[in-house]
Amino acid sequence: MGTIICQICTNTIDHFENEKVSTLYGQCTCCDKKQKKAYK
Ligand SMILES: [Zn+2]
């Protein structure tokens, strides 16, 4: 099983089915909001 981890706060966002065990980095909704605020 693969895991999607937030690259900012390292929380686990989601899991996905994968033959290999792997980790993907993404952004949780919380950090996504924070970053959008910072862009204004
Ligand atoms: Zn996050």
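Colleague: What share of the contacts in the protein chain with a separation of 6 or more comes from residues 24 or more positions apart?
Modeller: This is a predicted model. Take the contacts with a separation of 6 or more in the protein chain. Residues 24 or more positions apart account for 3%.

Colleague: Which pattern does the protein chain follow along the sequence?
Modeller: The protein chain has one helix and three strands. Read along the sequence, the pattern is β-β-β-α.

Colleague: In what order do the three strands form the open sheet?
Modeller: The pairing is mixed. The edge strands, β2 (12-16) and β3 (23-26), each pair on one side only. The twist averages 25 degrees from one strand to the next. The order is β2-β1-β3.

Colleague: In which sense do β1 and β3 pair, parallel or antiparallel?
Modeller: Strands of a sheet pair through backbone hydrogen bonds, in either sense. Strand β1 covers residues 2-6. Four bridges link β1 with β3, and the sense is parallel.

Colleague: Which residue in β3 does Cys-6 stand opposite?
Modeller: β3 spans 23-26. The residue opposite Cys-6 is Gly-26.

Colleague: Is Glu-19 buried or exposed?
Modeller: Glu-19 sits in the loop between β2 and β3. Glu-19 has 7 C-beta neighbours inside 10 Å, so it counts as exposed.

Colleague: How far apart in space are Glu-19 and Cys-6, C-alpha to C-alpha?
Modeller: In sequence, Glu-19 and Cys-6 are 13 residues apart. The C-alpha atoms of the protein chain fill a box of roughly 40 × 10 × 10 Å along the principal axes. From C-alpha to C-alpha, Glu-19 and Cys-6 are separated by 21 Å.

Methods:
Residues are numbered from 1 along each chain as its sequence is written. This is a predicted model: local features need pLDDT of at least 70, side-chain atom pairs count only at pLDDT 80 or more; totals for chains, interfaces and linings use all residues. Two strands pair if DSSP finds at least two bridges between them. Helices (H or I, at least four residues) and strands (E, at least two) are DSSP runs, numbered from the N terminus. Axes are lines fitted to C-alpha atoms, for helices over the stretch in contact, and angles run from 0 to 180 degrees between N-to-C directions. A residue is buried if 20 or more other C-beta atoms lie within 10 Å of its own, exposed if 12 or fewer, and partly exposed in between; C-beta atoms are placed from the backbone. Two residues are in contact if their C-beta atoms, placed from the backbone, lie within 7 Å.
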